[in-house]
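Have the model open alongside.

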Amino acid sequence: MLLFPLNSLLLHKNILLFLIHFYLPVNHVRYFFLVTGILFSITIQAQLSAPGRNAVRFTTYQSSPLVKDQIFIYCSPSGNPVGVLSASVMKGSPPYNFSWYKWDDATKSFSNNILNSSGVTSSINNLGEGGYRLVVSGGYDTTYTAWIVFDRPAAASARVKQKLCDRLALDGDTSTAIHQFYYRDIANGNILYIKNDLSFIWSAQPVTFIPAPELLLDPVIQNFQAQPNRIYRLPVENTTFKITVNSLGCRSEASFLYEPIHVKADFSADPTKGEAPLEVTFTDKSVRANSQYTWDFGEKNRDGSRKLRTFKEDSLFIFESPFTHTYYRPGEYTVKLEVRNKNYCIDSVTLETKINVDKSKLDIPNVFTPNGDSQNDFFIVESTSLRYLKVEIFSRSGVLVYRFLGEGESLSSWQGWNGNVKETSAEASPGIYYYVIEALGWDDIKYDSKPQRGFVYLYR
């Protein structure tokens with residue numbers, strides 16, 4: 001059977017439960033309940049309570065390390081600390097005699113008697129910092145010991161340490177917090193210390209990225225460049241930053257309103273894919289860009305330089321969002337926007353999706369049926385990204401029966417040959433016809449060779 005020294009039962013219950021869990025044999029589970037019952041019985045009978053306390057810790061006497069008296073931590077924001085101790089005896093026969101004593105540094109003992117009472121319970125109020133002992137006699141004899149210490153809210157402060165276009169440094173201060181509390185070794189009066197558990201956390205409203213808000217007292221928020229876009233973290237609207245400081249007993253906060261100088265570039269494009277000429281609508285979503293916009297549409301001038309479009313502060317009235325830009329040449333285009341504001345802050349962003357303008361192509365049918373059933377009624381050249389198209393159709397005897405020449409709007413609205421002779425009401429006879437097609441793509445590809453000459457069958 002696992003045995004414990006009597007003094008060891010005064011250890012914190014979590015320590016005993018840890019030992020029981022790892023050292024008690026599996027087939028002795030019944031002893032777990034026995035020891036646990038003893039543990040909780042002693043815990044109930046041998047400890048004081050402190051109504052209103054904020055935290056509790058246990059002593060580590062150098063002279064008696066196994067004795068674990070309670071240390072009650074109160075928060076004292078007003079500077080007038082007042083503690084309370086209460087005891088209730090649950091063994092023996094009441095009434096009991098209660099004698100309260102306070103630790104005296106001069107005598108290094110609990111020699112200062114401050115209250116005597118009798119009954120079932122006893123409480124003592126308006127207690128200052130120090131050690132207290134309660135001696136119970138009469139129906140049951142025992143002694144309780146506890147210490148009271150007072151925490152105070154840290155005079156936390158929060159401010160901007162540095163404000164640059166691509167950097168915002170915050171400054172938090174918790175130096176006024178109490179970092180440790182002291183009590184006495186009951187055997188010799190030596191001063192002993194317990195550490196105050198200090199923690200803090202930064203927050204922002206509206207929510208803003210703050211790096212390691214629980215680890216960095218002076219966090220730095222900044223953007224950083226990634227390919228192809230910048231990851232943006234700096235606030236671009238008025239933001240309240242707050243630091244909250246927690247300790248064993250107290251909680252304090254400090255905050256400030258930050259008015260940003262940063263600028264953020266952002267935009268959208270629609271559509272991002274299609275045939276030439278492709279008209280794309282760009283919608284500006286930038287924030288605090290009030291000095292200059294520079295658009296790079298991914299195209300080059302004849303000399304090889306980038307084709308840019310810039311709107312400066314004195315001409316911003318001509319910049320309307322959304323606006324359109326037309327791509328004529330097939331290919332892929334990377335669009336970038338750079339903006340700046342009156343604080344000379346600059347930001348840029350690259351559209352994640354490239355503008356894709358389809359290559360030119362032709363698809364010529366070899367049969368059509370102009371019978372009015374709305375199915376394949378026209379001989380039409382399916383095309384993509386064509387700048388110019390010429391279609392001529394001849395009978396087997398070489399007579400021209402249809403001709404189309406178009407570009408731009410006329411090309412895009414062309415519906416094809418409906419099977420009538422020279423666009424009259426006279427219907428061409430069913431049979432074989434010869435076509436000659438010439439075309440030019442927006443990518444300068446010419447379609448005027450053998451593949452653009454052939455026969456088409458007309459059925460009715």
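Start at Asn126, which sits in strand β6 (residues 121-127). This is a predicted model, where local features need pLDDT of at least 70 and side-chain atom pairs count only at pLDDT 80 or more, while totals for chains, interfaces and linings use all residues. Numbering runs from 1 along each chain as its sequence is written, and side-chain values use heavy atoms, with hydrogens and water left out. Helices (H or I, at least four residues) and strands (E, at least two) are DSSP runs, numbered from the N terminus. On that basis the protein chain has three helices and 36 strands.

Most residues other than glycine have a negative phi, and most peptide bonds are trans. Asn126 counts as exposed because its relative accessibility is 64%; the cut-offs are under 20% relative accessible area for buried, over 50% for exposed, and partly exposed in between (1.4 Å probe, protein chains only). Ala212 also has a positive phi, near 45 degrees. You'll find Ala212 in the loop between β13 and β14, and its relative accessible area of 32% makes it partly exposed.

That loop, between β13 (199-205) and β14 (220-222), holds Pro206 too, and the peptide bond from Gln205 to Pro206 is cis. Another cis bond runs from Ala276 to Pro277, with Pro277 in the loop between β20 (273-275) and β21. Here are the angles together:

| Site | Angle | Value |
|---|---|---|
| Ala212 | phi | near 45 degrees |
| Gln205 to Pro206 | omega | near -5 degrees |
| Ala276 to Pro277 | omega | near -5 degrees |

**The nonpolar cores**

Of the chain's 460 residues, 40% count as buried. In soluble globular proteins, nonpolar side chains tend to be buried together. A nonpolar core here is a set of buried Ala, Val, Leu, Ile, Met, Phe, Trp, Tyr and Cys residues joined through side-chain atoms within 4.5 Å. The largest such core has 26 residues, and the members touching the most others are Phe267, Phe282, Trp295, Tyr327, Val335 and Ile355. At least two residues of this core come from each of β19 (267-270), β21 (278-284), β22 (292-300), β24 (323-327), β26 (336-340) and β28 (355-358). A separate core of 22 residues includes Phe379, Phe404, Tyr433 and Leu458.

Strand β26 also carries Val339, which is buried because its relative accessible area is 1%. Contact means heavy atoms within 4.5 Å. Leaving out residues up to four places away in sequence, Val339 touches Val263, Lys264, Ala265, Ser286, Ala289, Gln292, Tyr293, Cys345, Ile346 and Asp347. Val349 is 10 residues from Val339 in sequence, and their C-alpha atoms are 8.9 Å apart. Across the chain, 58% of the contacts between residues at least 6 apart in sequence join residues at least 24 apart.

**A cavity and what surrounds it**

Rolling a probe the size of a water molecule over the atoms shows where empty space is left. On a 1 Å grid over the protein atoms alone, a cavity is a set of points where a 1.4 Å probe fits but cannot get out, and a pocket is an open set with protein on both sides within 12 Å along at least five of seven lines; lining residues have an atom within 4 Å of a point. Grid points are joined across faces, edges and corners, and volume is the space filled by probe spheres set on the points.

How many cavities of 30 Å³ or more are there? The count is one. The largest cavity has a volume of about 50 Å³. It is lined by 14 residues, with Arg152, Pro153, Ala154, Val245 and Ser247 closest to its centre. β17 (239-246) and β18 are the elements giving two or more residues to this lining.

Ser252 is in β18 (residues 251-258) and counts as buried because its relative accessibility is 9%. Its side chain reaches the backbone oxygen of Ala154 at 2.9 Å, a polar contact being a pair of N or O atoms within 3.5 Å; within protein, one must be able to donate a hydrogen and the other to accept it, and residues adjacent in sequence count only if both atoms are side-chain atoms. Beyond neighbours within four places in sequence, Ser252 is in contact with Pro153, Ala154, Ala156, Ile243, Thr244 and Val245.
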